[in-house]
Amino acid sequence: MTFHKNPVYKRTFHVEGKSFKNAGKVSRQVKTLLQDMKFPADIVRRAAIITYEAEINICSYADRGEITLEVSPKEIIIESKDQGQGIEDIELAMREGYSTATDKIVSMGFGAGMGLSNMKHFSDSFDITSEVGKGTYLKMTIRIKNP
Ligand SMILES: Nc1ncnc2c1ncn2[C@@H]1O[C@H](COP(=O)(O)OP(=O)(O)OP(=O)(O)O)[C@@H](O)[C@H]1O
Ligand SMILES: [Mg+2]
(Lines give C-alpha, C1' and ligand atoms only; values in the text may rest on other atoms or scores of the structure.)
(Ligands and ions follow the chains in the order given, each with its own letter.)
Protein backbone atom coordinates (compact mmCIF):
# COMPACT_ATOMS: atom_id res chain seq x y z
CA MET A 1 0.00 0.00 0.00
CA THR A 2 1.26 3.43 -0.87
CA PHE A 3 -0.20 5.80 1.69
CA HIS A 4 2.82 8.07 1.31
CA LYS A 5 1.54 8.92 -2.16
CA ASN A 6 -1.71 10.31 -0.77
CA PRO A 7 -1.93 14.01 -1.46
CA VAL A 8 -2.52 16.34 1.43
CA TYR A 9 -6.25 16.88 1.65
CA LYS A 10 -8.25 19.40 3.64
CA ARG A 11 -11.96 20.04 3.68
CA THR A 12 -14.32 21.86 6.02
CA PHE A 13 -17.96 20.90 6.51
CA HIS A 14 -20.62 23.10 8.04
CA VAL A 15 -22.76 21.55 10.77
CA GLU A 16 -26.13 22.99 11.73
CA GLY A 17 -26.53 23.45 15.47
CA LYS A 18 -29.51 22.54 17.66
CA SER A 19 -30.97 20.42 14.89
CA PHE A 20 -30.97 16.76 13.93
CA LYS A 21 -32.18 17.42 10.40
CA ASN A 22 -28.81 16.56 8.85
CA ALA A 23 -27.31 14.66 11.78
CA GLY A 24 -24.75 12.12 10.58
CA LYS A 25 -24.33 13.62 7.12
CA VAL A 26 -20.81 14.98 7.67
CA SER A 27 -19.50 11.77 9.25
CA ARG A 28 -20.93 9.75 6.35
CA GLN A 29 -19.11 12.00 3.88
CA VAL A 30 -15.86 11.73 5.84
CA LYS A 31 -16.20 7.94 5.91
CA THR A 32 -16.76 7.76 2.14
CA LEU A 33 -13.84 10.11 1.45
CA LEU A 34 -11.43 8.03 3.56
CA GLN A 35 -12.69 4.78 2.01
CA ASP A 36 -12.07 6.27 -1.43
CA MET A 37 -8.53 7.15 -0.32
CA LYS A 38 -8.07 3.43 0.47
CA PHE A 39 -7.35 3.75 4.16
CA PRO A 40 -7.62 0.49 6.09
CA ALA A 41 -11.08 -0.29 7.48
CA ASP A 42 -10.08 0.19 11.15
CA ILE A 43 -8.70 3.67 10.45
CA VAL A 44 -11.85 4.62 8.54
CA ARG A 45 -14.00 3.29 11.35
CA ARG A 46 -12.16 5.24 14.04
CA ALA A 47 -12.29 8.47 12.02
CA ALA A 48 -16.01 7.95 11.29
CA ILE A 49 -16.84 7.39 14.98
CA ILE A 50 -14.83 10.44 16.06
CA THR A 51 -16.48 12.63 13.43
CA TYR A 52 -19.94 11.28 14.21
CA GLU A 53 -19.66 12.00 17.95
CA ALA A 54 -18.34 15.53 17.30
CA GLU A 55 -21.09 16.16 14.78
CA ILE A 56 -23.88 14.92 17.07
CA ASN A 57 -22.58 17.10 19.89
CA ILE A 58 -22.85 20.15 17.62
CA CYS A 59 -26.38 19.05 16.59
CA SER A 60 -27.24 18.61 20.28
CA TYR A 61 -25.58 21.47 22.11
CA ALA A 62 -24.12 24.15 19.82
CA ASP A 63 -25.65 26.95 17.78
CA ARG A 64 -23.48 26.21 14.76
CA GLY A 65 -20.18 24.60 13.98
CA GLU A 66 -17.78 23.22 11.46
CA ILE A 67 -15.78 20.04 11.16
CA THR A 68 -12.50 19.96 9.27
CA LEU A 69 -10.93 16.81 7.87
CA GLU A 70 -7.23 17.01 7.12
CA VAL A 71 -5.35 14.09 5.64
CA SER A 72 -1.59 13.97 5.34
CA PRO A 73 0.70 11.00 4.73
CA LYS A 74 1.32 10.61 8.45
CA GLU A 75 -2.02 11.41 10.06
CA ILE A 76 -5.71 12.19 9.83
CA ILE A 77 -6.75 15.25 11.78
CA ILE A 78 -10.38 15.93 12.67
CA GLU A 79 -11.19 19.32 14.13
CA SER A 80 -14.56 20.43 15.46
CA LYS A 81 -15.16 24.08 16.18
CA ASP A 82 -18.50 25.41 17.31
CA GLN A 83 -20.19 28.54 18.54
CA GLY A 84 -22.59 28.04 21.38
CA GLN A 85 -22.96 27.46 25.09
CA GLY A 86 -19.53 25.90 25.59
CA ILE A 87 -18.61 23.50 28.40
CA GLU A 88 -18.24 24.73 31.95
CA ASP A 89 -16.40 21.75 33.44
CA ILE A 90 -14.47 19.78 30.82
CA GLU A 91 -13.27 17.14 33.26
CA LEU A 92 -16.86 16.41 34.26
CA ALA A 93 -18.08 16.44 30.64
CA MET A 94 -15.38 13.93 29.71
CA ARG A 95 -16.61 11.45 32.33
CA GLU A 96 -18.33 8.35 30.96
CA GLY A 97 -22.05 8.57 31.60
CA TYR A 98 -22.13 12.31 32.30
CA SER A 99 -24.71 14.06 30.14
CA THR A 100 -26.84 17.18 30.13
CA ALA A 101 -28.94 15.86 27.23
CA THR A 102 -32.50 17.17 27.12
CA ASP A 103 -35.55 14.92 26.60
CA LYS A 104 -35.46 15.82 22.90
CA ILE A 105 -31.83 14.68 22.55
CA VAL A 106 -32.57 11.47 24.46
CA SER A 107 -35.62 10.83 22.27
CA MET A 108 -33.25 10.95 19.26
CA GLY A 109 -31.26 8.12 20.81
CA PHE A 110 -28.38 10.18 22.20
CA GLY A 111 -27.30 11.32 25.64
CA ALA A 112 -25.52 8.29 27.08
CA GLY A 113 -22.63 10.54 28.03
CA MET A 114 -20.17 8.49 25.99
CA GLY A 115 -19.37 10.78 23.03
CA LEU A 116 -16.35 12.68 24.35
CA SER A 117 -14.78 9.60 25.96
CA ASN A 118 -15.28 7.68 22.69
CA MET A 119 -13.59 10.48 20.74
CA LYS A 120 -10.63 10.31 23.11
CA HIS A 121 -10.55 6.50 23.02
CA PHE A 122 -10.49 6.28 19.21
CA SER A 123 -7.91 9.02 18.62
CA ASP A 124 -4.14 8.97 19.16
CA SER A 125 -4.17 12.54 20.40
CA PHE A 126 -7.14 14.45 21.77
CA ASP A 127 -7.36 18.13 22.66
CA ILE A 128 -10.36 20.01 23.92
CA THR A 129 -10.83 23.63 24.84
CA SER A 130 -14.06 25.43 25.56
CA GLU A 131 -15.28 28.81 26.65
CA VAL A 132 -18.68 29.19 28.30
CA GLY A 133 -20.99 31.28 26.13
CA LYS A 134 -18.54 31.18 23.21
CA GLY A 135 -18.04 27.60 22.04
CA THR A 136 -15.97 24.46 21.97
CA TYR A 137 -12.92 23.35 20.02
CA LEU A 138 -11.75 19.77 19.59
CA LYS A 139 -8.71 18.44 17.77
CA MET A 140 -8.26 14.72 17.28
CA THR A 141 -5.49 12.94 15.45
CA ILE A 142 -5.22 9.42 14.10
CA ARG A 143 -1.68 8.37 13.23
CA ILE A 144 -1.11 6.48 10.01
CA LYS A 145 1.44 3.70 10.23
CA ASN A 146 3.02 3.44 6.82
CA PRO A 147 3.89 -0.14 5.94
N1 LIG B 1 -19.98 20.90 21.58
C2 LIG B 1 -20.50 20.97 22.81
N3 LIG B 1 -21.01 22.15 23.26
C4 LIG B 1 -21.53 22.26 24.51
N5 LIG B 1 -21.59 21.24 25.38
C6 LIG B 1 -21.09 20.05 24.98
C7 LIG B 1 -20.54 19.86 23.70
N8 LIG B 1 -20.12 18.58 23.60
C9 LIG B 1 -20.40 18.01 24.78
N10 LIG B 1 -21.00 18.88 25.62
C11 LIG B 1 -21.40 18.63 27.02
O12 LIG B 1 -20.67 17.52 27.52
C13 LIG B 1 -21.58 16.46 27.90
C14 LIG B 1 -20.98 15.12 27.56
O15 LIG B 1 -20.83 14.99 26.15
P16 LIG B 1 -20.76 13.53 25.50
O17 LIG B 1 -20.69 13.68 24.03
O18 LIG B 1 -19.68 12.77 26.17
O19 LIG B 1 -22.14 12.87 25.94
P20 LIG B 1 -23.62 13.19 25.43
O21 LIG B 1 -23.57 13.98 24.17
O22 LIG B 1 -24.37 13.79 26.57
O23 LIG B 1 -24.17 11.71 25.12
P24 LIG B 1 -23.70 10.76 23.91
O25 LIG B 1 -22.56 11.42 23.21
O26 LIG B 1 -23.31 9.46 24.53
O27 LIG B 1 -24.92 10.64 23.04
C28 LIG B 1 -22.86 16.78 27.15
O29 LIG B 1 -24.01 16.21 27.77
C30 LIG B 1 -22.87 18.31 27.18
O31 LIG B 1 -23.28 18.76 28.44
MG1 LIG C 1 -22.32 13.34 22.60
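User: Let's start at histidine 121: which helix is it found in?
Analyst: Quick ground rules: residues are numbered from 1 along each chain as its sequence is written, while chains are lettered from A and ligands numbered from 1 in the order in which they are written. This is a predicted model, where local features need pLDDT of at least 70, side-chain atom pairs count only at pLDDT 80 or more, and totals for chains, interfaces and linings use all residues; side-chain values use heavy atoms, with hydrogens and water left out. Helices here are DSSP runs of H or I with at least four residues, strands are runs of E with at least two, and both are numbered from the N terminus. On that scheme, histidine 121 belongs to helix α5.

User: Is histidine 121 buried or exposed?
Analyst: The scale is relative accessible area (1.4 Å probe, protein chains only): under 20% is buried, over 50% is exposed, and anything in between is partly exposed. Histidine 121 comes out at 58%, so it counts as exposed.

User: How many Å separate histidine 121 from aspartate 63, C-alpha to C-alpha?
Analyst: Let's take another pair for context: proline 73, in the loop between β2 (62-71) and β3, is 48 residues from histidine 121 in sequence and 22 Å from it in space, C-alpha to C-alpha. Aspartate 63 is 58 residues from histidine 121 in sequence, and the C-alpha to C-alpha distance is 26 Å.

User: Over to ligand 1: which residues come nearest to it?
Analyst: A residue is near a molecule if one of its heavy atoms lies within 4 Å of it. There are 19 residues around ligand 1, and the ones that come nearest are Asp82, Ser99, Thr100, Gly111 and Met114.

User: Ligand 1 has an oxygen atom by a polar backbone atom of glycine 111; what is the distance?
Analyst: Polar contacts are pairs of N or O atoms within 3.5 Å; within protein, one must be able to donate a hydrogen and the other to accept it, and residues adjacent in sequence count only if both atoms are side-chain atoms. A polar side-chain atom of asparagine 57 is 2.9 Å from a ligand 1 oxygen, and a polar backbone atom of glycine 115 is 3.1 Å from one. For the backbone of glycine 111, the value is 2.7 Å.

User: What percentage of ligand 1's 590 Å² does the protein bury?
Analyst: These accessible areas come from the Shrake-Rupley method with a 1.4 Å probe (for residues, only the protein chains shown count as cover). Ligand 1 exposes 590 Å² when taken alone, and the share of that buried by the protein is 95%.

User: Which element gives the largest share of the shell around ligand 1?
Analyst: Two elements give two or more residues each to this shell, namely α2 (41-61) and α5 (115-121). With three residues, the largest share comes from α2.

User: What is the positive phi of lysine 38, about?
Analyst: Lysine 18 is a non-glycine with a positive phi of about 45°, and it is found in the loop between β1 and α1 (25-36). Lysine 38 is in the loop between α1 and α2, and is exposed because its relative accessible area is 60%. It isn't a glycine either, yet its phi is positive, at about 70°.
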